[in-house]
Amino acid sequence: MSHAIVSLRSYLLVFAGLLVLLGATVGASFLELGIWALPAAMAIACAKALLVAAFFMHLHQENSLVRLVACAGLFWLGIMVMLAMSDVLTRL
């Protein structure tokens with residue numbers, strides 16, 4: 001099982017991207033976005049999660065089956081969150 005060697009430059013670019021997104025998170029927390037605060041925070045968090053999954057988990061180099069399993073895990077997490085939220089929202 002051989003994997004391609006990822007260059008240090010790639011890791012540094014991902015690190016810089018994560019730092020930029022961290023700055024965006026902090027900057028968004030100081031802005032008065034109203035109803036758009038949650039979607040903005042979730043979009044930034046999803047971008048960070050995609051960078052981590054693609055480069056640090058090496059999903060961009062894996063075959064389609066590994067990517068499918070990762071997506072299936074995210075889909076299952078979404079189902080679990082929706083079920084939990086449906087229970088919470090019925091108690092309000």
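Which helix gives the most to the lining of the largest pocket? The notes below start there and then move along the chain.

1. **Ground rules.** This is a predicted model, in which local features need pLDDT of at least 70, side-chain atom pairs count only at pLDDT 80 or more, and totals for chains, interfaces and linings use all residues. Residues are numbered from 1 along each chain as its sequence is written, and side-chain values use heavy atoms, with hydrogens and water left out.

2. **The largest pocket.** Helix 2 gives the most to the lining, with seven residues. The space in the largest pocket is about 320 Å³. Its lining has 13 residues, and those closest to the centre are Ala49, Leu50, Ala53, Ala70 and Leu74. Helix 2 (37-56) and helix 3 (64-90) each supply at least two lining residues. Helices here are DSSP runs (H or I, at least four residues), numbered from the N terminus.

3. **How the pocket is defined.** Rolling a probe the size of a water molecule over the atoms shows where empty space is left. The search uses a 1 Å grid over the protein atoms alone and a 1.4 Å probe. A pocket is an open set of points with protein on both sides within 12 Å along at least five of seven lines, and lining residues have an atom within 4 Å of a point. Points are joined across faces, edges and corners, and the volume is the space filled by probe spheres set on them.

4. The lining of the largest pocket holds 12 nonpolar residues, no polar ones and one charged residue. Nonpolar covers Ala, Val, Leu, Ile, Met, Phe, Trp, Tyr, Cys and Pro; charged covers Asp, Glu, Lys and Arg; the others, Gly among them, are polar.

5. **Two domains.** The chain is assigned domain 1 (1-61) and domain 2 (63-92). Such bounds come from an automatic or database domain assignment. The C-alpha centres of the two domains lie 20 Å apart. Each domain gives at least three residues to the lining of the largest pocket.

6. **One salt bridge.** The count is one. The rule asks for a side-chain nitrogen of Lys or Arg within 4 Å of a carboxyl oxygen of Asp or Glu. Asp87 and Arg91 form the pair, at 3.2 Å from N to O. Asp87 is partly exposed, at 36% relative accessible area. Arg91 is exposed, at 66%. The cut-offs are under 20% for buried, over 50% for exposed, and partly exposed in between (1.4 Å probe, protein chains only).

7. **No disulfides.** A disulfide is a covalent bond between the sulfur atoms of two cysteines. The test is a pair of cysteine sulfur atoms within 2.5 Å. The count is zero. Cys46 is partly exposed, at 43% relative accessibility.

8. Most residues other than glycine have a negative phi. The phi of His58 is positive, near 60 degrees. His58 sits in the loop between helix 2 and helix 3. His58 is partly exposed, with a relative accessible area of 25%.

9. Phe15 belongs to helix 1 (residues 8-30). Phe15 is partly exposed, at 47% relative accessible area. Phe15 and Leu51 are 36 residues apart along the chain, and 9.2 Å separates their C-alpha atoms. Ser29 is also in helix 1. Ser29 is exposed, at 55%. Ser29 and Ala41 are 12 residues apart in sequence and 8.4 Å apart in space, C-alpha to C-alpha. Ser10 has its place in helix 1 too. Ser10 is partly exposed, at 26%. Between Ser10 and Met85, 75 residues apart along the chain, the C-alpha separation is 38 Å.
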